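Hello,

Here is the structure I promised to pass on to you. Have a look at it first, and then read my notes below.

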Amino acid sequence: MLAPGPGTHGEEGRVRLSGTKERYSLLERLLHRHSRGRPVILLLDDLQWGLDSIEFAQHLLQTKQDEDDPLRVLILGTARTNIGVRSERESQKLRDVLRLPKAGLIHLGPLAEGAMLTLVD
């Protein structure tokens, strides 16, 4: 599905990416390819501990879209507020992402004990 270019192989035959921007672009192209057939849902769980995931979501939300061939991806991110974040960096980055025009926030309360048991069943 992904073909490495010349000089991109490491010692073990693995593809080496030059950095974060290249990794995000590669993942974006992969999502774009899959979303041409039907929309894709990208679930990013526990964002309160994942600066890289937050930054990838930000990258996708800020990428200029081709009107004739748009990226059809719903990014669904979850973050727990009752346990805090690893650092102020994650917290600030989440706030930055939520300020973007295509981002939204839905507050969900905890499940009642009975609802949790039903969910587990």
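**What I found**

I began with His32, whose side chain has a polar atom 2.8 Å from the backbone oxygen of Asp69. Please keep in mind that this is a predicted model. His32 belongs to helix 1, which covers residues 20-35. Is His32 buried or exposed? Its relative accessibility is 18%, and buried means under 20%, so His32 counts as buried. Setting aside residues up to four places away in sequence, His32 touches Asp69, Pro70 and Leu71.

Now for the overall layout. The protein has 4 helices and 2 strands, and along the sequence they follow the pattern α-β-α-β-α-α. It has 121 residues, of which 21% count as buried. If you take the contacts with a separation of 6 or more, 75% of them join residues 24 or more positions apart.

In soluble globular proteins, nonpolar side chains tend to be buried together. Here the largest nonpolar core has 13 residues, and those touching the most other members are Leu31, Leu42, Leu44, Leu47, Ile54, Phe56 and Leu60. Two or more residues come from each of helix 1, strand 1 (40-44), helix 2 and helix 3. Which element gives the most to this core? That is helix 2, with 4 residues.

Apart from its neighbours within four places in sequence, Ile54 is in contact with Leu47, Glu90, Lys93, Leu94 and Val97.

Another residue to look at is His59, which lies in helix 2. Again leaving out neighbours within four places in sequence, His59 is in contact with Tyr24, Ser25 and Glu28. His59 and Ser25 are 34 residues apart along the chain, and their C-alpha atoms are separated by 8.7 Å.

The largest pocket has a volume of about 1400 Å³. It is lined by 37 residues, and the closest to its centre are Gly77, Thr78, Ala79, Leu105 and Ile106. Helix 2 (51-62), strand 2 (73-77) and helix 3 (88-98) each supply at least two residues of this lining. What is the lining made of, by class? There are 22 nonpolar, 12 polar and 3 charged residues.

Best wishes

Technical notes. Residues are numbered from 1 along each chain as its sequence is written. This is a predicted model: local features need pLDDT of at least 70, side-chain atom pairs count only at pLDDT 80 or more; totals for chains, interfaces and linings use all residues. Side-chain values use heavy atoms; hydrogens and water are left out. Buried means under 20% relative accessible area, exposed over 50%, partly exposed in between (1.4 Å probe, protein chains only). A polar contact is a pair of N or O atoms within 3.5 Å; within protein, one must be able to donate a hydrogen and the other to accept it, and residues adjacent in sequence count only if both atoms are side-chain atoms. Contact means heavy atoms within 4.5 Å. On a 1 Å grid over the protein atoms alone, a cavity is a set of points where a 1.4 Å probe fits but cannot get out, and a pocket is an open set with protein on both sides within 12 Å along at least five of seven lines; lining residues have an atom within 4 Å of a point. Grid points are joined across faces, edges and corners, and a volume is the space filled by probe spheres set on the points. Ala, Val, Leu, Ile, Met, Phe, Trp, Tyr, Cys and Pro count as nonpolar, Asp, Glu, Lys and Arg as charged, and the others, Gly among them, as polar. A nonpolar core is a set of buried Ala, Val, Leu, Ile, Met, Phe, Trp, Tyr and Cys residues joined through side-chain atoms within 4.5 Å.
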